[in-house]
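This briefing goes through one protein chain, topic by topic. Please look at the sequence and the model before reading the points below.

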Amino acid sequence: LLSTMLFAATTNTGNVVTWILLHLEANPKWKVLVQNEARQLYEDSLAFGRYNDTPKPPLSMHSIETQTPILDLCIPETLRMLFKGPFMRRSMGGDIFVDQKRIPHGTYIMFPTGDLHDNAYFYSTPKEFNPEHFSADAVQERQQHGTTFLGWGAGRHVCAGKRAAQMLMKITIILLSQFDIQMLDEGGEPMQKTPEHLEDVLFKVCRSKQAVTLRYEVRRCG
């Protein structure tokens, strides 16, 4: 457990951040919302320091964790779109029955997450990047169907490093939101759509089918 929490960013976190940035570049509406959210965090922290005697760092971990509702939508939506392959678990309880079929104790079970994440019954536009899929109303509506999202695992197997990974993602995206970013193809030409990703690796975020570059430069005021 401890090693999982300490090394949460060694496998998927950095790759997920990259895919979030790619989706934001291809969806200007959400990119602007994330930029405005980051800007508001900066402004609020500066105002606090200006009008209060108690010193406060430019950005606190608490404010990043609790005052970024747009990123709280974009992160799980990116995970939903990325994880479509099978998850594997071993049944460690007693024998279980699914559709009248017996699954003995100790059996390894593989579940295709795409049956949930790509299901139009649960997600209105499953092939599109739509963070509204994780609005409070949408999540509440899906709860009546049980588990419909496995981006962080579920049940007793929720990712132990979830909170640390989310914080790393948020900090990185907030910092990079201060730059002008452009998504380029292998030839250096601007791209308007998020590239498709391969599905050739179990339990990890897969790479894109084509080479993509994110070019960034300091945003100039005025």
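Apart from neighbours within four places in sequence, Phe179 is in contact (heavy atoms within 4.5 Å) with Tyr216, Glu217, Val218 and Arg219. The model is predicted, so local features need pLDDT of at least 70 and side-chain atom pairs count only at pLDDT 80 or more, while totals for chains, interfaces and linings use all residues. Residues are numbered from 1 along each chain as its sequence is written, and side-chain values use heavy atoms, with hydrogens and water left out.

**The chain as a whole**

- The chain holds eight helices and six strands; these are DSSP runs, with helices being H or I of at least four residues and strands being E of at least two, numbered from the N terminus.
- Starting at the N terminus, the order of elements is α-α-α-α-α-β-β-β-β-α-α-α-β-β.
- Of the 222 residues, 36% count as buried, where buried means under 20% relative accessible area, exposed means over 50%, and partly exposed lies in between (1.4 Å probe, protein chains only).
- The accessible surface of the chain comes to about 13900 Å², and 55% of this belongs to carbon and sulfur atoms; such areas come from the Shrake-Rupley method with a 1.4 Å probe, and for residues only the protein chains shown count as cover.
- Among contacts between residues at least 6 apart in sequence, 68% join residues at least 24 apart.

- Phe179 is found in strand β5 and is partly exposed, with a relative accessible area of 25%.
- Phe179 and Arg215 are 36 residues apart in sequence, and their C-alpha atoms are 9.6 Å apart in space.
- Tyr121 lies in the loop between α6 (114-117) and α7 (136-143) and is exposed, with a relative accessible area of 62%.
- The C-alpha atoms of Tyr121 and Arg142 are separated by 9.3 Å, and the two residues are 21 residues apart along the chain.

- Helix α5 (residues 69-82) has 14 residues and reaches 21 Å from its first C-alpha to its last, close to the 20 Å expected; the expected span is 1.5 Å times one less than the number of residues.
- Twelve of the 14 residues of α5 are buried, so this helix is largely enclosed by the rest of the structure.
- The buried residues of α5 include Ile70, Leu71, Leu73, Cys74 and Ile75.
- Helix α8 has 15 residues and reaches 21 Å, close to the 21 Å expected.
- In α8, the residues Ala165, Met167, Met169, Lys170, Ile173 and Ile174 are buried.
- Lys170 has a relative accessible area of 3% and, leaving aside neighbours within four places in sequence, is in contact with Ile64, Glu65, Thr68, Leu71, Asp72 and Ile75.

**The cavity**

- A search of the whole structure finds one cavity of 30 Å³ or more; on a 1 Å grid over the protein atoms alone, a cavity is a set of points where a 1.4 Å probe fits but cannot get out, and lining residues have an atom within 4 Å of a point.
- The largest cavity holds about 100 Å³ of space, a volume being the space filled by probe spheres set on the grid points, which are joined across faces, edges and corners.
- Among the residues lining the largest cavity are Leu21, Lys31, Ile173 and Phe179.
- Two or more lining residues come from each of α2 (9-26), α3 (28-51), α8 (162-176) and β5 (179-184).

Terms used. 1 Å grid on protein atoms, 1.4 Å probe; cavity = no way out; pocket = protein on both sides within 12 Å on 5 of 7 lines; lining within 4 Å.
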